Amino acid sequence: MATSADNTSLKTQYTAQITADLERNAAEHERLSADIATMQGQLSALENNRALLLSMRQTLDNEATGDAPDDTGVSGLQNGSSPTRKSAPLPARKPKKKPDTTSGKRKEAESGRSRTKRAREGVPTLGDLLRDDLAQHGEPRSAAEITAALTQVLPDREIKATVVRSTLESLVAKGQAHRTKQQRSVYYSAAAPEAAAGTAEPSDATAS
């Protein structure tokens with residue numbers, strides 16, 4: 001009877017030990033299964049990232065090959081192979097337009113010829129007109145007053161105030177006119193006949 005009881009006790013111990021081992025095995029199995037699932041997810045993510053990176057590198061390699069400089073064709077010829085790609089020619093640049101200076105020179109030449117022609121035909125020059133106007137008026141006159149008077153007398157002739165002023169200054173420099181300044185205004189008057197006759201020059205015929 002004692003032996004039967006001992007066997008029963010041993011069976012109970014073994015059963016309890018086996019049950020505990022089974023529980024530990026189940027728990028470990030569950031833990032490992034969870035770890036494997038996690039690792040499989042990580043592995044899948046790594047594989048997706050790898051495929052994406054490989055695709056990006058392939059795209060960059062293709063673009064780099066497509067944008068290769070023209071010297072690759074030259075090296076291919078030196079190695080005995082024919083070039084496979086030529087770069088597109090750059091668009092030709094339009095030449096910049098240069099300022100048209102010939103028209104201005106042409107106008108100045110034509111103006112000089114017209115002045116010479118008027119002098120040859122006996123038409124009085126601007127210098128002659130200014131000397132006559134100053135001689136007719138004893139009082140000093142401004143360039144604007146003289147310009148207005150000449151424009152009324154000669155409406156068909158273009159007379160500019162700036163040209164009148166420069167011509168008056170030329171007459172003053174030659175001693176054929178006098179210049180006086182009153183406050184901020186400048187006035188011109190005729191010179192003495194003796195001084196004007198002594199300083200007259202042939203170039204007055206071509207002044208305008």
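The axes of helix H4 (residues 126-136) and helix H6 (residues 161-173) come within 10 Å of one another in this predicted model and cross at roughly 75°, where axes are lines fitted to C-alpha atoms, for helices over the stretch in contact, and angles run from 0 to 180 degrees between N-to-C directions. H4 and H6 are therefore roughly perpendicular to each other, given that angles under 35 degrees count as roughly parallel, over 145 as roughly antiparallel, 65 to 115 as roughly perpendicular and the rest as oblique. From H4, the residues Leu126, Gly127, Leu130, Arg131 and Leu134 meet Val163, Val164, Thr167, Leu168 and Leu171 of H6, a contact being defined by heavy atoms within 4.5 Å. By kind, the residues of this contact of H4 with H6 divide into 7 nonpolar, 2 polar and 1 charged; here Ala, Val, Leu, Ile, Met, Phe, Trp, Tyr, Cys and Pro count as nonpolar, Asp, Glu, Lys and Arg as charged, and the others, Gly among them, as polar.

H4 also packs against helix H5 (residues 143-153), with axes that come within 11 Å and cross at roughly 105°. H4 and H5 are therefore likewise roughly perpendicular to each other. On the H4 side the contact is made by Leu126, Leu129, Leu130, Asp133 and Leu134, and on the H5 side by Ile146, Ala149 and Leu150. These residues of the contact of H4 with H5 divide into 7 nonpolar, no polar and 1 charged.

Residues are numbered from 1 along each chain as its sequence is written. Since the model is predicted, local features need pLDDT of at least 70 and side-chain atom pairs count only at pLDDT 80 or more, while totals for chains, interfaces and linings use all residues, and side-chain values use heavy atoms, with hydrogens and water left out.

Seen as a whole, the chain has a secondary structure of 7 helices and 2 strands, where helices (H or I, at least four residues) and strands (E, at least two) are DSSP runs numbered from the N terminus. Read along the sequence, these elements follow the pattern α-α-α-α-α-α-β-β-α. Of the 208 residues in the chain, 14% count as buried, with buried meaning under 20% relative accessible area, exposed over 50%, and partly exposed in between (1.4 Å probe, protein chains only). The chain exposes about 16600 Å², of which carbon and sulfur atoms supply 55%, with accessible areas taken from the Shrake-Rupley method with a 1.4 Å probe and, for residues, only the protein chains shown counting as cover. Among the contacts in the chain with a separation of 6 or more, 52% are accounted for by residues 24 or more positions apart.

Thr147 has a relative accessible area of 8% and is buried. Leaving aside its neighbours within four places in sequence, Thr147 is in contact with Ile159, Lys160, Ala161 and Val164.

Side chains of opposite charge can pair when their charged atoms come close. The structure holds 7 salt bridges, each being a side-chain nitrogen of Lys or Arg within 4 Å of a carboxyl oxygen of Asp or Glu. One of them joins the side chains of Arg24 and Asp21 (1.9 Å, N to O); Arg24 and Asp21 are 3 residues apart in helix H1 (residues 2-66), and so are separated by about one helical turn. Asp21 is partly exposed, with a relative accessible area of 32%. Also in helix H1, Glu28 and Arg31 are 3 residues apart, separated by about one helical turn, and their side chains meet in a salt bridge (2.2 Å, N to O). Both residues are partly exposed, Glu28 at 36% relative accessibility and Arg31 at 42%. Glu28, Arg31 and Asp35 are linked in a network of salt bridges.

Another salt bridge is formed by the side chains of Glu169 and Arg179 (2.5 Å, N to O). This pair links distant parts of the chain, with Glu169 in helix H6 and Arg179 in strand E1 (residues 177-182), 10 residues apart. Glu169 is partly exposed, at a relative accessible area of 26%, and Arg179 is partly exposed at 47%.

Most residues other than glycine have a negative phi. Phi of Gln183, however, is near 60°, a positive value in a residue other than glycine. Gln183 is exposed, with a relative accessible area of 77%.
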